[in-house]
Amino acid sequence: MNLGIATAIAYGILTFVGGLIGYAKAQSQASLISGSLSGLLLIFSGIVQLQGQSWGLILATVVAAVLVIVFIARLVKTRKLMPAGLMIAGGLVSLALLVYQLSTGLEPTV
């Protein structure tokens, strides 16, 4: 399992669980839907990479970048560090790892 696969799946699980927690704490259906959808997309991209498809790495990178942008906007709007700060930090780390994996080549190594 390479860095791109592990990163996509780990960040996907974090995002999915974060959506569930957001729903449980604030009854936020937006958190549930967006967290579930983005988390499942990230996990899916990891599975696709496991099957040798290089486009899974691109999908994971795009989803992570969109999540970072969304949570930066949310942090600016609400000025609340949680959960936006945590998701920005996790997203930036994931994005850096995914971009590094992209820069080393799209050849998936399982």
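**Note on a predicted helical model**

1. What covers the buried residues of H4? The cover includes H1 and H3. Cover here rests on contact, meaning heavy atoms within 4.5 Å. Helices (H or I, at least four residues) and strands (E, at least two) are DSSP runs, numbered from the N terminus.

2. Some ground rules. The model is predicted: local features need pLDDT of at least 70, side-chain atom pairs count only at pLDDT 80 or more, and totals for chains, interfaces and linings use all residues. Residues are numbered from 1 along each chain as its sequence is written, and side-chain values use heavy atoms, with hydrogens and water left out.

3. Helix H4 in detail. Its buried residues are Ala84, Gly85, Met87, Ile88, Gly90, Gly91, Ser94, Leu95, Leu98 and Gln101. Buried means under 20% relative accessible area, exposed means over 50%, and partly exposed lies in between (1.4 Å probe, protein chains only). The length of H4 checks out, because 20 residues at 1.5 Å a residue should span 28 Å and the end C-alpha atoms are 28 Å apart. The expected span is 1.5 Å times one less than the number of residues. Glycine 105 follows H4, and its phi is positive, near 120°.

4. The core. The largest nonpolar core has 14 residues. Such a core is a set of buried Ala, Val, Leu, Ile, Met, Phe, Trp, Tyr and Cys residues joined through side-chain atoms within 4.5 Å. Tyr11, Leu42, Ala60, Ala64, Leu67, Phe71 and Leu98 touch the most other members. Helices H1 (3-26), H3 (55-78) and H4 (84-103) each give two or more residues. H3 supplies the largest share, 6 residues.

5. Leucine 42 is worth a look on screen. Beyond its neighbours within four places in sequence, leucine 42 is in contact with Ala8, Ile9, Tyr11, Gly12, Thr15, Ala60, Val63, Ala64 and Leu67.

6. Threonine 7 lies in H1. It counts as buried because its relative accessibility is 8%. Threonine 7 touches Ser94, Leu97 and Leu98, not counting residues up to four places away in sequence. Serine 31 lies in H2. At 14% relative accessibility, serine 31 is also buried. With neighbours within four places set aside, serine 31 is in contact with Gly19, Gly22, Tyr23 and Ser36.

7. The nonpolar surface. Leu37, Leu41, Phe44, Trp55, Ile58, Val62, Val66 and Val70 make a nonpolar patch of about 710 Å². Patch residues have over 30% relative accessible area and no salt bridge; like charges are joined within 9 Å, nonpolar side chains (Val, Leu, Ile, Met, Phe, Trp, Tyr) within 5 Å. H2 (29-50) and H3 each give two or more residues. H3 gives the most, with 5. Leucine 37 lies in H2. It counts as exposed because its relative accessibility is 54%.

8. Backbone points to check. Most residues other than glycine have a negative phi, and most peptide bonds are trans. The bond from methionine 82 to proline 83 is cis, with omega near 0°. Proline 83 sits in the loop between H3 and H4. Arginine 79 lies in that loop between H3 and H4 as well, and its phi is positive, near 60°. Arginine 79 is exposed, at 72% relative accessible area. Glutamine 27 has a positive phi, near 55°. Its place is the loop between H1 and H2. Glutamine 27 is exposed, at 53%.

Notes: Areas by Shrake-Rupley, 256 points an atom, 1.4 Å probe, with all protein chains shown as cover. Salt bridge = Lys/Arg side-chain N within 4 Å of Asp/Glu carboxyl O.
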